Amino acid sequence: MARKKFHVAFYLLGGIVAFLWLVPLIWMVLTAFTKASFVMQVFPHTGWTFGNIAYVWGQVPFGRYYLNTITIVVCTYAIQFVTITMAAYALATLHFKGEKLVFLIIFVQIIIPNDILIIPNFMTISDLGLTDTKLAIMLPFLGSAMGTFLLRQHFKTIPRALTDAAIIDGCNTAQVIRHVFVPNAKTAYISFALVSVSYHWNNFLWPLVVTNSVENRTLTVGLALFAKSKEAVLQWTNVCAATFIISAPLVVLFLVFQRQFIESFVSSGIK
């Protein structure tokens with residue numbers, strides 16, 4: 001009986017905490033679809049409208065920002081897919097001198113915030129003459145310490161017998177990776193895709209530093225500029241509508257793949 005009460009209390013507390021985390025999102029959605037008001041309200045009640053979305057879309061080149069952001073997100077993950085696969089395979093299956101040191105260096109990179117590296121990264125990008133380009137936004141993230149670590153943990157769980165069987169059948173290293181390791185780590189790839197996409201979709205400071213033109217700005221930079229512009233007309237409804245336009249795809253993406261996302265991190269031992 002006591003155990004049952006503990007479980008009820010635990011889930012009740014979890015539900016309350018989850019609701020508190022959802023409050024800003026709920027408020028943003030409600031405000032985005034209510035009529036304009038110069039007063040910030042806890043519970044918007046000025047009437048429902050889709051006019052805010054239409055107004056914001058017409059005032060800001062969100063179509064261009066979407067194209068830029070999707071291009072950056074997709075290209076970055078596509079290259080990361082290759083780099084983390086190769087690195088994780090080497091760390092999970094090969095034995096070489098300095099293996100533990102290499103893994104330690106990669107692991108330490110997870111701890112270092114990316115914002116600390118903005119100045120040296122910008123100096124490198126500037127010396128290469130790549131400022132105000134999409135490549136400049138992607139270049140520092142074409143490898144991922146977190147992705148390598150996550151994938152290595154999954155590769156470690158793949159039975160050695162599968163690799164041996166593939167080699168006996170005549171597969172070379174590239175074919176072993178393609179036909180054995182990659183298919184057996186689909187949940188890890190999906191989980192990292194969600195992490196990578198959400199990070200680069202929401203990344204603000206680095207794109208702000210290295211871009212100057214509309215042709216290369218991302219959604220987050222566009223949102224920040226819109227919020228301070230005269231087109232926002234000091235309306236929280238317009239700012240929330242712009243935020244909704246940016247955040248809606250990520251929310252849908254997580255809801256679709258949340259099961260694979262959670263299973264992957266649990267199975268890799270990351271809490």
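This is a predicted model: local features need pLDDT of at least 70, side-chain atom pairs count only at pLDDT 80 or more; totals for chains, interfaces and linings use all residues.
Residues are numbered from 1 along each chain as its sequence is written, and side-chain values use heavy atoms, with hydrogens and water left out. The secondary structure comes to 13 helices and 0 strands, where helices (H or I, at least four residues) and strands (E, at least two) are DSSP runs numbered from the N terminus.

**Overall architecture**

- Read along the sequence, the protein follows the pattern α-α-α-α-α-α-α-α-α-α-α-α-α.
- Of the 271 residues in the protein, 36% are buried, a class that means under 20% relative accessible area, with exposed meaning over 50% and partly exposed lying in between (1.4 Å probe, protein chains only).
- Among the contacts with a separation of 6 or more, 72% join residues 24 or more positions apart, a contact being heavy atoms within 4.5 Å.

**Helix α10**

- Helix α10 covers residues 186–202, and its 17 residues reach 24 Å from the first C-alpha to the last, close to the 24 Å expected at 1.5 Å a residue; the expected span is 1.5 Å times one less than the number of residues.
- The buried residues of α10 include Ala 188, Tyr 189, Phe 192, Leu 194, Val 197, His 200 and Trp 201.
- Ser 196, which also lies in α10, counts as buried because its relative accessibility is 4%, and beyond its neighbours up to four places away in sequence Ser 196 touches Tyr 77 and Gln 80.

**The largest pocket**

- About 630 Å³ of space lies in the largest pocket, where a volume is the space filled by probe spheres set on grid points that are joined across faces, edges and corners.
- On a 1 Å grid over the protein atoms alone, a pocket is an open set of points with protein on both sides within 12 Å along at least five of seven lines, as distinct from a cavity, where a 1.4 Å probe fits but cannot get out; lining residues have an atom within 4 Å of a point.
- The largest pocket is lined by 22 residues, of which Asn 114, Phe 141, Gly 143, Ser 144 and Ala 145 lie nearest its centre.
- Two or more residues of this lining come from each of α4 (99–111), α5 (118–127), α7 (145–156) and α10, and α10 gives the most, with 5 residues.
- The lining of the largest pocket divides into 12 nonpolar, 9 polar and 1 charged residues, with Ala, Val, Leu, Ile, Met, Phe, Trp, Tyr, Cys and Pro counted as nonpolar, Asp, Glu, Lys and Arg as charged, and the others, Gly among them, as polar.

**The second largest pocket**

- The second largest pocket has a volume of about 280 Å³, and of the 11 residues that line it, Ser 198, Leu 250, Val 251, Phe 254 and Leu 255 are the closest to its centre.
- At least two lining residues of the second largest pocket are supplied by each of α1 (2–32), α10 and α13 (236–267), and α13 gives the most, with 6 residues.
- By class, the lining of the second largest pocket has 9 nonpolar, 2 polar and no charged residues.

**Asn 52 and its polar contacts**

- Asn 52 is placed in helix α2 (residues 51–59) and counts as buried because its relative accessibility is 7%.
- Polar atoms of the Asn 52 side chain lie 2.9 Å from the backbone oxygen of Ala 32 and 2.6 Å from the backbone oxygen of Thr 34; a polar contact is a pair of N or O atoms within 3.5 Å, of which, within protein, one must be able to donate a hydrogen and the other to accept it, and residues adjacent in sequence count only if both atoms are side-chain atoms.
- Not counting residues up to four places away in sequence, Asn 52 touches Thr 31, Ala 32, Phe 33, Thr 34, Thr 237, Asn 238 and Ala 241.

**Other residues**

- Pro 249 lies in helix α13, is partly exposed at 30% relative accessibility, and, leaving aside its neighbours within four places in sequence, is in contact with Tyr 66 and Trp 201.
- Asp 132, in the loop between α5 and α6 (134–138), has a positive phi of about 60 degrees although it is not a glycine.
- Most residues other than glycine have a negative phi.
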